[in-house]
Amino acid sequence: MSVRSFGSGPGHDGTTSTETALTGDDESPEGIKVRLREEKRIRLKVDFRLCTIAGILCSLNLLDSGIISSAAVTSMLHDLGLDHGNRYSVSILIFTVASVCFQLPATLAVRMMGPRFFFAFVTFCFGLITMCTAFIHTWRQMIIMRVLLGISMSGIYPGLALLISSWYRREELQLRFAFLQVGEVIVLATGGIVNYGLNHLSGHGGLKGWQWMYLVQGLIACIIGIVTYWWIVDFPERSDQSFFFLSQEEARVATSRIQRDRGDVVPAPFSWAEILRHFLDPKIYGFAASFFLLNLVSTSLSYFLPIILQNGMGFSSNKAILLSAPPYYYAAIPVILSSRIGDKYRLRGPVITFNSLCLIAGFGMLGFADQVTVRYVGTYLATGAYVSNWAALNSYQASNITGQWKRAVTAAAVTACNGLGGVAGSFIVRQQEAPRYLTAVWVSIGSHIFIIGIVAAFSVIFYIANTRQKQGRKIIEETEGFRYTY
């Protein structure tokens with residue numbers, strides 16, 4: 001086990017030539033002022049190139065859930081035989097299972113293949129498979145398509161989390177994850193409105209409304225995949241391989257700021273021993289459990305919201321599709337506000353706790369209120385809270401992990417458990433419990449009580465570790481000078 005430092009490594013004076021190049025900035029007052037101004041300019045450049053396309057790519061998973069949930073209130077379930085037993089829930093489950101199984105190798109592939117080729121390839125495949133889904137005829141063919149979609153999507157979330165966390169300092173992460181969420185929910189909400197329009201094309205060209213949903217949005221995903229190859233950027237130490245991005249001097253400044261923050265710009269040589277030893281860190285399992293509990297809610301809402309609106313609140317098919325969009329537009333507000341507060345004050349636990357309480361209140365309104373208006377407002381609170389907590393939990397884990405391979409392992413682990421939460425979440429909304437859906441309500445409330453408990457336990461552990469580090473009695477994350485953010 002080696003110990004990293006923020007500005008030193010092996011050599012005659014504690015640094016290698018590579019690390020000296022990364023951290024050898026002018027530390028005079030004027031030099032610091034110039035450096036900070038240059039770093040801000042480069043950070044905005046990274047925001048424009050990375051967060052824009054990352055938000056769109058991150059939306060693909062919700063695009064899929066938006067299509068299938070909208071299609072579920074049309075004739076699709078009857079046409080494909082998905083309206084028998086729990087076949088619809090199985091079609092959602094099998095997507096998640098396939099995704100979970102491939103998440104670790106897919107995340108490592110992002111590191112080894114490079115983001116440009118990887119994300120372009122899997123996005124194009126996702127679009128192609130989505131288009132093919134428009135032409136299936138049986139529920140068994142749907143299951144096959146869902147497996148292929150799950151495999152193609154397996155590396156998107158963890159790969160983007162790894163890439164984002166590699167480019168930004170810890171106090172900048174939550175807002176950037178919020179940008180991803182904003183892009184995601186806007187695409188999902190807009191997709192709901194698009195699905196409403198596409199459903200009116202039913203009968204044109206011999207296709208039904210749900211087939212138009214898959215065909216058109218699959219084609220859009222293919223185009224996004226092609227654009228991704230030229231738009232997305234590589235990791236900081238390989239930024240020169242990006243298309244028209246940073247100059248050599250800008251790349252040096254970008255890597256230098258990350259090196260000063262946590263000292264892990266340059267990854268250690270790959271080995272399976274290096275990968276597997278990180279699974280011994282119990283923090284990974286706490287973070288993973290939090291994502292499992294979070295996605296119980298996000299899956300039940302994103303896949304079943306139109307069904308809840310139709311069967312639980314009495315709206316027509318088209319109105320259910322249309323009314324599922326506004327809660328996601330609203331979610332952009334709390335995720336940006338909570339993330340700015342979290343980054344400005346370097347708070348993670350209190351933000352997660354507040355969001356969890358909002359979600360509990362939202363599901364209480366959804367499950368126990370009598371008025372349809374109050375119940376619909378509850379979907380706003382719940383949606384805004386879980387979207388905000390996705391950004392908060394991602395920054396929480398990324399702020400407390402160092403080392404490129406450990407970041408990859410953690411990103412894959414939390415996304416896998418996020419997916420397993422999706423497996424469970426696909427079964428908690430029970431059609432026979434309409435209009436209250438009390439199982440979904442109580443499971444969602446209970447899951448977020450557990451999240452609050454996990455955050456409280458981590459806060460105590462991190463406080464004790466930071467205190468020992470200040471006293472010179474502990475090195476955290478094998479990195480001298482590193483302290484936890486909680």
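This is a working chat about one predicted model and what can be read from its atoms.

Biologist: What should I know before I start?

Modeller: This is a predicted model: local features need pLDDT of at least 70, side-chain atom pairs count only at pLDDT 80 or more, and totals for chains, interfaces and linings use all residues. Residues are numbered from 1 along each chain as its sequence is written, and side-chain values use heavy atoms, with hydrogens and water left out.

Biologist: How many helices and strands does the chain have?

Modeller: There are 19 helices and 2 strands. Both are DSSP runs, numbered from the N terminus: helices are H or I with at least four residues, strands are E with at least two.

Biologist: What is the radius of gyration of the chain?

Modeller: The chain has 23 Å, which agrees with the value near 23 Å for a compact globule of 486 residues. The radius is taken over C-alpha atoms, and the globule rule is 2.2 Å times the number of residues to the power 0.38. Along its principal axes the C-alpha trace spans about 75 × 45 × 40 Å.

Biologist: How much of the chain is buried?

Modeller: Buried residues make up 59% of the 486. Buried means under 20% relative accessible area, exposed means over 50%, and partly exposed is in between, with a 1.4 Å probe and protein chains only.

Biologist: Change of topic. How many aromatic pairs are there?

Modeller: A search of the whole structure finds 21. Rings of Phe, Tyr and Trp (its six-membered ring) pair if their centres lie within 6.5 Å; planes under 30 degrees apart count as stacked, over 60 as edge-to-face and the rest as tilted. One of the pairs is Y157 with W390, which is tilted, at 5.4 Å centre to centre and 45° between the planes.

Biologist: Where do Y157 and W390 lie?

Modeller: Y157 is in helix α8 (residues 156–167) and W390 is in helix α17 (residues 372–399), so the pair ties together parts that are 233 residues apart in sequence.

Biologist: Is Y157 buried or exposed?

Modeller: Y157 is buried, with a relative accessible area of 13%. W390 is buried too, at 8%.

Biologist: Which residues form an aromatic cluster?

Modeller: F287, Y396, F458, F462, F482 and Y484 form one.

Biologist: What sits over the rings of F235 and Y229?

Modeller: R111 lies over the face of F235, 3.8 Å from the ring centre. The charged end of R116 sits over the ring of Y229, 4.4 Å from its centre. The test is that NZ of Lys or CZ of Arg is within 6 Å of the ring centre and within 35 degrees of the ring normal.

Biologist: Back to helix α8. What is S166 in contact with?

Modeller: S166 is found in α8 and counts as buried at 1% relative accessibility. Leaving aside its neighbours within four places in sequence, S166 is in contact with F235, P236, I258, R262 and Q404.

Biologist: Which side chain makes a polar contact with the side chain of S166?

Modeller: That of Q404, at 3.3 Å. A polar contact is a pair of N or O atoms within 3.5 Å; within protein, one must be able to donate a hydrogen and the other to accept it, and residues adjacent in sequence count only if both atoms are side-chain atoms. The backbone oxygen of L162 also lies 2.8 Å from a polar atom of the S166 side chain.

Biologist: What about T228?

Modeller: T228 lies in helix α10 (residues 209–231) and counts as buried at 0% relative accessibility. Apart from its neighbours within four places in sequence, T228 is in contact with I53, L57, F119 and A120.

Biologist: Last one. How many residues has helix α19?

Modeller: Helix α19 (residues 438–470) has 33 residues and reaches 48 Å from its first C-alpha to its last, close to the 48 Å expected at 1.5 Å a residue. The expected span is 1.5 Å times one less than the number of residues. α19 is followed by G472, whose phi is positive, near 75°.

Key: Contact = heavy atoms within 4.5 Å.
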